[in-house]
Amino acid sequence: MTRTERVLHALLWATGAPGELVVEDGDEPLLLEALAEHRLDARLIGRARRDGIRLAPSLEAAVVARDADNLDRVHEQIALFRAVRGRLDQADPRVRLLPMKGFGLYALTGDREHAPFSWDVDVIGADPRAVAAAVEETDGSGYHFHGEEHPYVFAHMDDLEVHMHYVVTSIDRGLRAEDVDVVATTGVFEVRTPFSVSLITHDEMLQHTRAGVGAAAGLEVLAPEMAVLVRLAHLYVGYAMSPQPLPVATIRLEELAQLRDYLALPSFDAARFLELYERHDAWLVTGFARRLMLDLLDVDPFAPIVDAEVPAWFPSNLWWDGSGAGFPLQIPWNAHDLVLCPATHPDLVDVLGPSVVRVPADGGAVTVSMLEADAADAAPRYVHHAYHGGLAGVRVTLCEDGDGVDAVATFPPVDDDQMVAVGWASGDYRYEVFFRPAGGTHELEDYSAVPAPEGQRPTVRSCRSGPEGVEIAVRLPWASLAGGQPSGQDATRLLFRGRVQRRPWGEVAGGVVLPLHLTR
């Protein structure tokens with residue numbers, strides 16, 4: 001086995017897969033990184049001790065120390081939650097703050113293996129503004145919004161993520177993989193069927209709670225059935241939003257382990273879960289978890305509960321838009337790559353099939369048009385949808401120099417209640433700009449797996465709007481793109497995304513995704 005294969009199997013072993021643990025010299029740095037990303041420190045230690053496996057001293061010391069820190073952090077998060085909940089209960093008991101993700105399983109069992117590291121705790125209350133204010137007053141930091149209003153998160157804060165509701169993704173059961181198999185096509189591809197979403201509200205969650213134990217004694221947490229639904233929804237979104245798999249943990253194995261453990265709790269009520277499953281059309285997210293468990297762990301704990309076959313395919317999403325519509329497509333994937341993706345994995349641009357564009361060597365610009373049938377510079381290959389009227393005349397102009405790429409996207413005029421979103425991706429780097437022409441404001445968000453070096457990250461040069469349309473100009477330094485500055489005849493792979501959307505995060509008029517090979 002290669003190092004990547006050994007680390008992959010070690011991760012699966014820690015999660016509960018059958019087999020033996022094999023770790024060789026030189027595996028430890030990648031294994032430690034991957035264990036952290038998958039939140040598996042406690043589970044590796046627990047299984048090794050149960051099975052009488054001796055870990056290498058340096059590996060054991062590192063994981064044990066990190067696990068102790070993780071447990072301390074979980075207890076600090078529980079204490080912060082308790083303080084915020086107490087403040088809210090005094091001010092307005094109707095808010096009834098609940099943890100949705102984070103320490104929920106640990107709160108029900110007190111089992112140390114159920115206390116993995118988490119950056120924050122997802123919470124929900126009847127009044128999200130009051131919740132965020134209470135966090136600030138207690139020990140929290142200020143709001144962070146994505147673009148404008150986040151579609152389902154009121155505020156991202158240091159330790160608590162304040163939700164308004166939770167989203168369960170689904171799609172028309174009649175849609176077939178061959179209907180959206182973009183890889184099997186050439187030319188321009190139109191997506192005609194959007195994703196659908198169901199919202200889990202705070203009121204509904206209040207009907208599915210249990211009392212915490214141990215460090216969480218006296219707290220109200222989600223009952224196993226509701227916690228499973230939330231986990232299923234989160235797991236699928238992690239996959240669907242990453243058609244270019246992350247280097248490590250596109251999906252987290254800890255989530256699969258928690259699903260298995262929730263289902264095994266004596267308090268888990270299969271009938272109540274099935275009610276939630278039907279109400280929220282959860283066949284897709286449940287089927288995806290079942291497929292992963294079968295492929296990775298050789299188990300299907302949902303089989304005795306859900307009387308349905310595992311679906312044959314699972315649509316990926318070329319671009320998440322907050323509304324739930326997106327770009328559902330059949331894109332090749334395998335479960336192992338979602339756990340630990342090898343460096344040889346093809347770039348999404350190559351998977352989709354690129355439009356090849358020659359950039360002038362003298363520093364001149366080249367323009368590519370989309371959604372203009374008779375344009376001389378029309379891109380030969382792109383994907384688009386027109387769910388609410390569509391777009392017309394989207395253009396991308398590119399110009400290179402020794403330091404990077406100037407990329408300018410233009411759109412037709414938009415209404416005052418609409419925003420324009422533009423994305424640029426290259427390998428594991430991904431950037432998005434949200435521009436609201438009516439107010440003249442914009443934000444640049446960096447969603448890269450690992451950010452580019454300071455001083456070498458993209459910048460927005462201008463966002464303009466007028467009678468002739470909208471223009472968004474971005475500077476992309478070579479260090480912010482996969483492969484850096486090309487040499488010789490090497491192609492630069494870029495993925496352009498653009499859409500026009502009703503504010504805040506409402507219906508999408510239309511969107512386009514353009515895979516590019518820039519050649520010289």
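Student: What share of the 520 residues of the protein counts as buried?
Tutor: The model is predicted: local features need pLDDT of at least 70, side-chain atom pairs count only at pLDDT 80 or more, and totals for chains, interfaces and linings use all residues. Residues are numbered from 1 along each chain as its sequence is written, and side-chain values use heavy atoms, leaving out hydrogens and water. Buried means under 20% relative accessible area, exposed over 50%, partly exposed in between (1.4 Å probe, protein chains only). Of the 520 residues, the buried share is 55%.

Student: What radius of gyration does the protein have?
Tutor: The radius is taken over C-alpha atoms, and the globule rule is 2.2 Å times the number of residues to the power 0.38. For 520 residues, a compact globule would come out near 24 Å. The protein agrees with that, because its own radius of gyration is 24 Å.

Student: What box do the C-alpha atoms fill?
Tutor: The box is taken along the principal axes. Its dimensions are roughly 65 × 55 × 45 Å.

Student: How many helices and strands are there in the protein?
Tutor: Both are DSSP runs numbered from the N terminus: helices are H or I with at least four residues, strands are E with at least two. The count is 13 helices and 23 strands.

Student: What percentage of contacts with a separation of 6 or more joins residues 24 or more positions apart?
Tutor: A contact means heavy atoms within 4.5 Å. Among contacts with a separation of 6 or more, the share from residues 24 or more positions apart is 70%.

Student: Which residues does Val121 touch, not counting those up to four places away in sequence?
Tutor: Val121 is found in strand S2, residues 121-124. Val121 counts as buried because its relative accessibility is 0%. Its contacts are Gln77, Pro99, Lys101, Phe103, Asp159, Leu160 and Glu161.

Student: How many salt bridges does the structure hold?
Tutor: A salt bridge needs a side-chain nitrogen of Lys or Arg within 4 Å of a carboxyl oxygen of Asp or Glu. The total is 38.

Student: Which helix holds both Arg47 and Asp51?
Tutor: Their side chains meet in a salt bridge, 3.0 Å from N to O. Arg47 is buried at 14% relative accessibility, whereas Asp51 is partly exposed at 40%. The two are 4 residues apart, about one turn of the helix, and both lie in H3 (residues 41-51).

Student: How many residues apart in sequence are the parts that Arg502 and Asp415 tie together?
Tutor: Arg502 forms a salt bridge with Asp415, with closest N and O atoms 3.5 Å apart. Arg502 lies in strand S22 (492-502) and Asp415 in the loop between strand S16 (404-411) and strand S17 (418-426), so the pair ties together parts separated in sequence by 87 residues.

Student: Is Glu432 buried or exposed?
Tutor: Glu432 forms a salt bridge with Arg430, the closest N and O atoms being 3.0 Å apart. Arg430 is partly exposed, with a relative accessible area of 23%. Glu432 has a relative accessible area of 5%, which means that it is buried.

Student: Which residues do salt bridges that share partners join into one network?
Tutor: Here the link is made by shared partners. The members are Arg43, Glu254, Arg260 and Asp261.

Student: How far apart are the mean positions of the positive and negative charges?
Tutor: Lys and Arg count as positive, Asp and Glu as negative; His and the chain ends are not counted. Each charge is placed at NZ of Lys, CZ of Arg, CG of Asp or CD of Glu. There are 44 positive and 76 negative charges, and their mean positions are separated by 2 Å.

Student: Which residues does the cis peptide bond with omega of about -10° join?
Tutor: Most peptide bonds are trans. Pro504 lies in the loop between S22 and strand S23 (508-519). The cis bond joins Arg503 and Pro504.

Student: What is the phi of Asp298?
Tutor: Most residues other than glycine have a negative phi. Asp298 lies in the loop between helix H11 (283-297) and strand S10 (316-317). Asp298 is exposed because its relative accessibility is 58%. Its phi is positive, near 60°.

Student: What is the phi of Arg96?
Tutor: Arg96 lies in the loop between helix H4 (57-91) and strand S1 (98-101). Its relative accessible area is 29%, so Arg96 is partly exposed. Although Arg96 is not a glycine, its phi is positive, at about 45°.
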